[in-house]
Structures are given as C-alpha cells and as structure tokens.
Amino acid sequence: MNAAAKKARVGESSNLDKVKDVLMRPMQDYAETHGLVYADKDLTGDPSRATQCPVAMLPFKLPAQPFHHAVGLSPLWNKLVDKVARDTPWLYSTLDAVLAVDPFTRKLVEVCKEVEKEGLRQKTYLGIHRSDYMLHEPEGESVSPVFLQVELNTIASSMGSHASNAAGLHAFILGRYVAGVDDTAKALQDHFGLGAKLDAFSEHLPANPSLIHIPAALAKAHAVYGGKPGAVVLFVVQGTERNFADQRFLEFSLWERHKVPVVRKTLAQIAAEGSMDSATGRFCLGGVEVSVVYYRAGYEPEDYPSDSEWGARLMMEKSLAIKCPSIAYHIVGAKKVQQALERPGAVERYLTAAESQELRTCFAGLWGLGPGEDDAAIIKKVMEDPRLYVMKPQREGGGHNFYGQDVAVKLKELSVEERGAFILMQRICPRPQAAILTRNGVPTIGECVSEFGFYSVFVGDEKTVHMSEHAGHLVRSKLEGVDEGGVAAGYAVISSPFLVK
C-alpha cells in the first residue's frame, strides 16, 4: 500500500471514530424498532427476548458500474439454474465423484432420482436465488474492479428482509445526520465525499426491493398452483431458529400484500402431520392443502437427524406442491456444479453465446479435484502459495471452507477419492475500507471487506416463464482477515451499498 492510500485509510478511521458513539444509540433503536433483530441465545424465562441483529452503522462504498452489471445478470442466472436443473443426466454425471465420498449430497441425489422414477408431478419451479460476489481489486494492480462470483445460493437464500431494513436504516442515518455543521455531519460528509451536495446523498443509495419481490414470487407460485381456497404456503424451518425476523417479514408481507397465508413447520413436524394423496399428489398438513413449500431449512445434514426428516422431504418433493427450491434446484447449488459450469462449453450448453459470455465475466478461477480431474498441476500451484486459493465442500451455512495454509494441509490429508468432495477456487482480493460494525450493541471500527449478494426470483415450467427478475441485494461486511462471511454464523454484519463512481 502506498503512502497516499495509508493516509486516506487513517482519515477514514478518524472520521468514523467521531461518529460511532454519537450514532450508536439512534442506530440501535432504529434497528430494533424496524425488525433488525435476532432471538436471544438464552430464552430461559422469557421466550420473547431478542437482540440487535449484527449490522453496519453506515453503508459500504461500492463502484456503481459493477453493482448495475450484477443486477443485469440476475435473469441469466435464473435461466441457467432452470435449464441445468431440468438436465438431470448432466447433473448426476457432474456429481459422480462427489457422491462416492459425500453422504449428504448422495442422499439429495437419491431423492431426486426417486422423484424422477415416479414421474414429476409438478413441473413448475419457484426459484429464490442469491448470487454472491466480491469485488476483485488486488492491491498494487492497476485493473478496474470487477465482481467475481463467490457462490450461487439456490436454497434458503436468506437475509432479504434484513437487507431491505438495513437500507432503510442507512437512509435514515444519512438523511438525519449528514446535513449540518456539527462534527458528526462534517465527518459523514468527508467519509462519503458528499461535498456541498448534501441533498443528493439518496442518489447513492439504491432502492432495495427484496421485501416486495420475494413475497411477490411466492404469491405468483401460489396463484400458478391454483389450489383450493384456504391453501397455504409452507415455510420449512429449523426448530431453534434465531433469525426469525428475517423470515417473518416475508410471511407478513405475503399476507398484507397478497392475502396468502403461511404456516411454519419443522421437517419433524411435517413428518408427523403431513400427508400426500397418492392419486392427485396433493400435499396437506392437518387437512389443509399446501400450494408452495419454501425451504428455510433442509440445506445441511443436521436438519435430517433421522429417516423421518428424509421421509418428509421425499413426500414433499413427490407432491404436487410447488417447491422452492425443487430438489433439482437444490442440487444445482452444489459447489461442484458451479465449478463444472466454468468449463469451456458448459454454460453454452444452456444459454446463447452472448448470454454465456456475459455470465462468464463474473467467473472466478475454479478447479475440480479427485477422480476424473487432472488436478496435479493445480495442486502443485496451491502448495507453492496456498494463500491464493480457497477449498470448498458441497455445503451451505458458513464455516466449512479452507483458506490459506489450511488448504495445503487439508490436501495432504485427503486421498484422491476424498478430494472429489471438494473444489478449488481462486482467492478473490477485495480492497478494504474503514467501517463501523455493531454487534450486541457495541460498535467496532476496523478495516473491512464486503460480500455482495443479488437476489433473483423465477417462476416457470418447461414452456412458460411466469416471472423472472432481479429481486434486491444484500451486503455483508466483515473485518479484513476474517475468512468466512455468514451473518447468522457470526462472521459478518449486514450492510447496504453506497454507490460511487
């Protein structure tokens, strides 16, 4: 880092130090009164106890061009996911090496094959996806910053409600405190480079419609299903869900805007209460027909402690209810599929040449490992400098990846067959900036990097696309040097973008 850059970072931290104590209480009160909350870890004696959701005090500065480009990619990701999900022979062959050593992915594929064997009752799929990126901008390199994809989430793409509410929080903080001549206003003006155009700050805060478009997609799927009056949308949830508010906002919006009722059940409850009519495929809970199954659980092995939970998943997948995601959509989100799509000709199998070229602009370097992969050369490169790579298994939820020297150590431990459960990815290098992260009512200033998620929604079958659109965005900020990035997992906080040139 050159001297000018160091001086600029010191100035940023100084400005934030001037505002963090002044803004902490109004920020915290706004967050808690606008639903940016988690259930407390200890609910003993008071099941209503909640705490502030981890959130950044101020938005994160981001060049406008990559932001708008990522928005434009959303319909292409929708199209690609849908086409890949309907090409199950390609999916199965792609995951062949993974299935030999990954019991969870193998079980998901077994469910998918069982559904196919009996015939697909419901060909309409609902997708609520989130494509996550980081801004690749290595220190010392004179290249334009570009978004490279971290992963594509096809199941339980969470934080849409919190992301929308965080945007409202930041609009309030800047709208209320940026104008004026006091030290707080001057520090904010300097941090965001607003100069004399104080009334134009809102132009830098893009609207975040996630709380509109995600419920609208659920409502569209409910309408396409065309069930009996009184049919409900089922949210499949975990039994000890702290992130209740993020889910409840979607439920409340679905009712207030569309008059579609929601019920919430765990997989264990569904196993006990659910039934499927063998003739029609209609799925009911306690006699109430379910139009749409929306999974906010079911993405990790711990969600299936017994065969009962797997039985519930299979029953729903076989049913006429529209699933979000279908079992095939779920499998498309596997890291091995992401890596396989990077290969020459893979994306082009499903999209036009122009569409494929557009999507490939955000592909990071990806390499397969294990049987069927010529991985000797890339492993040699990893051993020379493991800091340049991340090793990923087929898991969601955070905390599963290997970084830096741990990649080299893990590779030495694995057999050729065991390597098949993982992929290698190029380490994306974002440029840090000073930010204020708040957790449990305590502000922390530090050099931070951010991951940017872009939601997209899709409703369609093989013949008709009922909906396909961008559906909002998410920013998660974390201290520089922290590898994992999940908010619920405790690594990051929710933020929003402040667009700059």
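In strand 11, V292 is the bridge partner of V233; helices (H or I, at least four residues) and strands (E, at least two) are DSSP runs, numbered from the N terminus. This is a predicted model, in which local features need pLDDT of at least 70 and side-chain atom pairs count only at pLDDT 80 or more, while totals for chains, interfaces and linings use all residues. Residues are numbered from 1 along each chain as its sequence is written, and side-chain values use heavy atoms, with hydrogens and water left out.

**Strand 7 and its partners**

- Strand 7 (residues 232–236) pairs with strand 11 (residues 288–295) in the parallel sense over five bridges; two strands pair if DSSP finds at least two bridges between them.
- Strand 7 also runs parallel to strand 8 (residues 262–265), and four bridges join the two.
- In strand 8, K265 stands opposite V236.
- A right-handed β-α-β unit is made by strand 7, helix 9 (residues 244–258) and strand 8. A crossover is right-handed if, with the strands pointing away from the viewer, the path from the first strand over the helix to the second runs clockwise.
- Five of the five residues of strand 7 are buried, where buried means under 20% relative accessible area, exposed over 50%, and partly exposed in between (1.4 Å probe, protein chains only).
- In a regular strand the side chains alternate between the two faces of the sheet.
- Strand 7 is covered on both faces, with V232, L234 and V236 buried on one side and V233 and F235 buried on the other.

- Strand 5 (residues 125–136) is largely enclosed by the rest of the structure, because 12 of its 12 residues are buried.
- One side of strand 5 carries Y125, G127, H129, S131, Y133 and L135, and the other carries L126, I128, R130, D132, M134 and H136; all of these are buried.
- Strand 5 pairs with strand 18 in the antiparallel sense over nine bridges, and L126 stands opposite V459 in strand 18.
- Strand 5 also pairs with strand 6 (residues 146–153), again in the antiparallel sense, over seven bridges.
- In strand 6, V146 stands opposite H136.

- N153 is in strand 6 and is buried, with a relative accessible area of 5%.
- Leaving out residues up to four places away in sequence, N153 touches I128, H129, R130, D132 and E396; contact means heavy atoms within 4.5 Å.
- N153 and S306 are 153 residues apart in sequence, and their C-alpha atoms are 25 Å apart in space.
- A156 lies in the loop between strand 6 and helix 6 (160–177). A156 is not a glycine, although it has a positive phi of about 50°.
- The relative accessible area of A156 is 17%, so A156 is buried.
- M159 is found in the loop between strand 6 and helix 6, and has a positive phi of about 75° although it is not a glycine.
- M159 is buried, with a relative accessible area of 4%.

- An open sheet of four strands has the order 13-16-14-15, with antiparallel pairing.
- Its edge strands are strand 13 (366–368) and strand 15 (402–403), each of which pairs on one side only.
- Strand 14 (residues 389–392) and strand 16 (residues 423–426) run antiparallel and are joined by four bridges.
- Within this pair, V390 stands opposite M425 in strand 16.

**Two loop sites**

- D102 lies in the loop between helix 4 (96–99) and helix 5 (103–118).
- D102 is buried, with a relative accessible area of 5%.
- D102 touches Q394 and R395, not counting residues up to four places away in sequence.
- C324 and P325 are joined by a cis peptide bond, with omega about 0°.
- P325 is in the loop between strand 12 (322–324) and helix 12 (327–332).

**The second largest pocket**

- The second largest pocket is lined by 16 residues, of which K61, P63, E137, R431 and Q433 lie nearest its centre.
- The elements that give two or more residues to this lining are strand 4 (60–63) and strand 18 (442–460).
- Strand 4 gives the most to the lining, with four residues.
- On a 1 Å grid over the protein atoms alone, a pocket is an open set of points where a 1.4 Å probe fits, with protein on both sides within 12 Å along at least five of seven lines; lining residues have an atom within 4 Å of a point.
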